[in-house]
Amino acid sequence: MDSQEIVEKCRSIYEDMEFSYISEWKEKTGGNAIGIMPIYFPKEVIHAAGVLPVEVFGGGDMVDVVKGDSYYQSYICHIVRTMVDLGLSGKLDSLSGMICPFTCDVVRNFTGVWGLLFPDKYARFFDQPQNFDREIGGEYLASQLRDIIGFLETIGEKVTDERLNNSIELYNENRRLIRKLYDMRAEKPWQAKTEEVYLLMRAGCILEVSEYNQMLNDYMDSVVNLDRKQLDNIRVVISGSFCEQPPLTLIRIFELAGCYVVDDDYILGNRYLDKEVAVGDDPLGALVQGYLDSEVPSSCRFEEYNAKCKKLAKVVERRKAEGVIFAAPSFCDPALEDEPDYDKELADMDVRVMSLQYSEDTRQFNLIREQIGTFSDSIKLSEA
Ligand code: SF4
């Protein structure tokens, strides 16, 4: 397949709210599948059990909320509402359960709601430690993973060190390829368009990792040969979109309004581990260490604010970005609480910042497009 065929395949996976890939995969392999909410869970332990990990990001603007609103108050984000509607309409029946990593209290409560709605299925709150000492937070994380592996083995295979090492190798390769793709886009953002990169990332939320690795390789091999024109766009980093995802139209609009996205935090879980995970005698320990050592800026990691700001500043510098757009879901406490500190750090670096809020089902973009266009123009004019 060439890059455009791959993008269209990814688009159809993204739009498929029946999640037919899961049923097809289960029929082909005889295995089970389990859902993961954003942001990060080590998919290696699921893969090692022969179970398909599926990252679910709600229904976006493709699912109308019918029942979800009655489970949540009006002043919280949208993703959990479409999750409830997806669940109640049977579209996620092919999953044996849902793992809900800690992002905020909304997700903590969602785990309970999910467990009450689907008592016959597994619903697990995955409480990622906020202590990064190996003996304390590391041990706590390992104990949680052992517990979850215990469940996975009831619906899949025994998770031996050999199987876990094999899965780590596949996901190491996956992270290498994603880093390569992000580097490629940062170097020539007109060549690997952000909408295409995003659709590829979304496909990776469901595809089996070997199949996905092949797809990433094929896309990169093909897209470099396209004759695409460079536009006079500024270079921006998007921050704040790590959980509830922006509608695809908004992702497209950033570019159309004059901004090349040279880094982002969409679907952050696939690159949350930024270093190679060691293969060896203690694969579970290596995954734990990968989490503890991550240098990826994340609003769901409660380290000192200064450390988080420095991490974002490093991304901005490395990508030679001229501006940062804080694009956060409405009512997203973790993203919105960090924003003032990021603002200050970036102001000290003389990097321009704009902020906007969205909901996964936002459908009116005229005003947002004008704001982004003005932001882009103001940077161009200041550099002229
Ligand atoms: S979008 Fe923000 S507030 Fe909503 S569940 Fe995700 S992290 Fe929590």
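The following questions and answers concern a predicted model of one protein chain.

Trainee: How many helices and strands does the secondary structure of the chain come to?

Mentor: The chain has 384 residues, and 45% of them count as buried. Its secondary structure comes to 14 helices and 8 strands.

Trainee: What radius of gyration does the chain have, and how does it stand against the globule rule?

Mentor: Along its principal axes the C-alpha trace spans about 65 × 50 × 45 Å. For 384 residues the globule rule gives 21 Å, and the chain comes close to this value, so it is as compact as a globular protein of that length. The radius of gyration of the chain is 20 Å.

Trainee: Which residues is Val-236 in contact with, leaving aside its neighbours within four places in sequence?

Mentor: Val-236 is among the residues with the most contacts inside the largest nonpolar core. Its contacts include Cys-259, Tyr-260, Val-261 and Val-262.

Trainee: Which helix gives the most to the shell around the ligand?

Mentor: The ligand is surrounded by 13 residues, the closest being Cys-77, Thr-103, Cys-104, Cys-243 and Cys-332. The shell divides into 10 nonpolar, 1 polar and 2 charged residues. Helices α5 (105–117) and α13 (333–348) each supply at least two residues of the shell. The helix that gives the most, with 3 residues, is α13.

Trainee: At what angle do helix α8 and helix α10 pack?

Mentor: Two packed helices are described by the angle between their axes and the distance between the axes. Thr-194, Glu-195 and Tyr-198 in α8 meet Leu-248, Ile-251, Arg-252, Phe-254 and Glu-255 in α10. The residues of this contact divide into 4 nonpolar, 1 polar and 3 charged. The axes of α8 and α10 are 9 Å apart, and the angle is about 145°.

Trainee: Is Met-215 buried, partly exposed or exposed?

Mentor: Met-215 lies in helix α9 (residues 209–223), and it touches Ile-6, Ala-203 and Leu-207, not counting residues up to four places away in sequence. A residue is buried if 20 or more other C-beta atoms lie within 10 Å of its own, and exposed if 12 or fewer do. Met-215 has 19 such atoms within 10 Å, so it is partly exposed.

Conventions. Residues are numbered from 1 along each chain as its sequence is written. This is a predicted model: local features need pLDDT of at least 70, side-chain atom pairs count only at pLDDT 80 or more; totals for chains, interfaces and linings use all residues. A nonpolar core is a set of buried Ala, Val, Leu, Ile, Met, Phe, Trp, Tyr and Cys residues joined through C-beta atoms within 7 Å. Two residues are in contact if their C-beta atoms, placed from the backbone, lie within 7 Å. A residue is near a molecule or strand if its C-beta atom, placed from the backbone, lies within 6 Å of it. Helices (H or I, at least four residues) and strands (E, at least two) are DSSP runs, numbered from the N terminus. Ala, Val, Leu, Ile, Met, Phe, Trp, Tyr, Cys and Pro count as nonpolar, Asp, Glu, Lys and Arg as charged, and the others, Gly among them, as polar. Axes are lines fitted to C-alpha atoms, for helices over the stretch in contact, and angles run from 0 to 180 degrees between N-to-C directions. The radius of gyration is taken over C-alpha atoms; the globule rule is 2.2 Å times the number of residues to the power 0.38.
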